[in-house]
Structures are given as C-alpha cells and as structure tokens.
Amino acid sequence: MTQEAKLKMMTPQEVLDRRKAVPDLLLLDVRTQPEWNSYHIPGATHLPMHTLTARLSELDPQREIIVLCEHGVRSLNVARFLAGQAGFQNVCNMLGGMSEWPGPIESGAGNSEERSI
C-alpha cells in the first residue's frame with residue numbers, strides 16, 4: 001500500500017466528531033512549545049515536530065493517530081512521514097490545523113511532552 005493510500009485527511013469538525021466516538025484517539029500536536037503553551041486541545045499529546053525522530057519509539061504504529069499543528073502544513077509533513085517511512089497504519093492529518101479547531105481548548109503547559117503516549 002502506498003503512503004498516500006494510508007494517509008487520511010479530516011477537517012477539524014470531523015476530528016472533533018471522531019474524538020467523541022473514540023475517546024482514546026491520539027491527537028498528536030506537533031507545534032512548538034510556545035504554540036502549545038498558548039493553547040491546545042485538552043487531552044492532546046504534545047510532541048514537537050523537531051523531536052519526532054528521536055521520540056518515534058514512543059508512538060504505537062497500530063494506534064489511530066491524528067496529527068495536527070497550527071495550519072495543517074507541519075502536520076501534513078509529519079503524517080506523511082509516519083504513514084510512509086515509519087510504516088504507521090492509521091494516520092490522519094487535520095486539515096486547517098488549530099486555527100480552525102471548533103472544539104474546546106486550554107492554555108498553559110498542561111499535558112506537554114511528559115505525558116505518556
């Protein structure tokens with residue numbers, strides 16, 4: 001199966017609906033620490049893009065993962081990497097990113113990098 005065939009795209013509203021249906025869904029926020037501190041989705045996991053390769057083993061390649069960033073560009077690159085080179089089976093990119101997120105947000109360090117994935 002090709003990388004593009006494995007990689008899904010979802011709107012922020014679709015992600016919000018999916019999250020309600022699948023409570024243990026992994027929302028992987030790849031933004032920088034200052035962006036995360038400014039605001040993020042409660043319960044999301046913060047793994048900045050620049051730390052991905054060093055922390056790849058923390059992610060379960062069988063788990064459903066929705067990758068997000070501020071506008072959907074960095075997350076698309078991370079999602080392509082996960083679905084292609086890293087061989088992850090169920091990866092989705094959130095189109096439009098946090099700038100279009102319709103759901104709840106919180107600010108502060110919250111569940112930052114120390115959160116168990």
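Reply: The account below begins with the chain as a whole and then turns to the sheet, its helices and its charged pairs.

The model is predicted, so local features are given only where pLDDT is at least 70 and side-chain atom pairs only at pLDDT 80 or more, while totals for chains, interfaces and linings use all residues. Residues are numbered from 1 along each chain as its sequence is written, and side-chain values use heavy atoms, with hydrogens and water left out.

The chain has five helices and five strands, these being DSSP runs numbered from the N terminus (helices: H or I, at least four residues; strands: E, at least two). Along the sequence they follow the pattern α-β-α-β-α-β-α-β-α-β. Of the 117 residues in the chain, 44% are buried; buried means under 20% relative accessible area, exposed means over 50%, and partly exposed lies in between (1.4 Å probe, protein chains only). Among contacts with a separation of 6 or more, 75% join residues 24 or more positions apart, a contact being heavy atoms within 4.5 Å.

The five strands form an open sheet with parallel pairing, in the order S1-S5-S4-S2-S3. Strands S1 (7-10) and S3 (45-46) stand at the edges with a single partner strand each, so one side of each has no neighbour in the sheet. Two strands count as paired if DSSP finds at least two bridges between them. Strand S2 (residues 26-29) runs parallel to strand S4 (residues 65-68), and four bridges join them. In this pairing, Leu26 stands opposite Ile65 in S4.

Two helices pack on this sheet. Helix H2 (residues 12-21) touches S1, S2, S4 and strand S5 (91-94), and its direction makes about 100° with that of S1. Helix H5 (residues 73-83) likewise touches S1, S2, S4 and S5, and its direction makes about 175° with that of S5. These angles run from 0 to 180 degrees between N-to-C directions, with axes fitted to C-alpha atoms, for helices over the stretch in contact.

Together, S4, H5 and S5 make a right-handed β-α-β unit; right-handed means that, with the strands pointing away from the viewer, the path from the first strand over the helix to the second runs clockwise.

Within H5, Ser75 is buried, with a relative accessible area of 0%. Leaving aside residues up to four places away in sequence, Ser75 touches Val30, Val67, Leu68, Cys69, Asn93 and Met94. The C-alpha atoms of Ser75 and Gly96 are separated by 9.7 Å, the two residues being 21 residues apart along the chain. In helix H2, Gln13 is partly exposed, with a relative accessible area of 37%. Its C-alpha atom is separated by 7.2 Å from that of Trp101, 88 residues apart along the chain.

Charged pairs complete the picture. Side chains of opposite charge can pair when their charged atoms come close. A salt bridge here is a side-chain nitrogen of Lys or Arg within 4 Å of a carboxyl oxygen of Asp or Glu, and the count comes to five salt bridges. One of them joins Arg18 and Glu64 at 2.7 Å, N to O. This pair links distant parts of the chain, 46 residues apart: Arg18 lies in helix H2, and Glu64 in the loop between helix H4 (52-55) and S4. Arg18 is partly exposed at 31% relative accessibility, whereas Glu64 is buried at 17%.

Asp29 forms a salt bridge with Arg31, the closest N and O atoms being 2.9 Å apart. Asp29 is buried at 0% relative accessibility, and Arg31 is buried at 0% as well. Glu35 forms a salt bridge with Arg74, where the closest N and O atoms are 2.9 Å apart. Because Glu35 lies in helix H3 (residues 33-38) and Arg74 in helix H5, the pair ties together parts that are 39 residues apart in sequence. Arg74 is partly exposed, at 24% relative accessibility. Finally, salt bridges that share partners join Asp29, Arg31 and Glu70 into one network.
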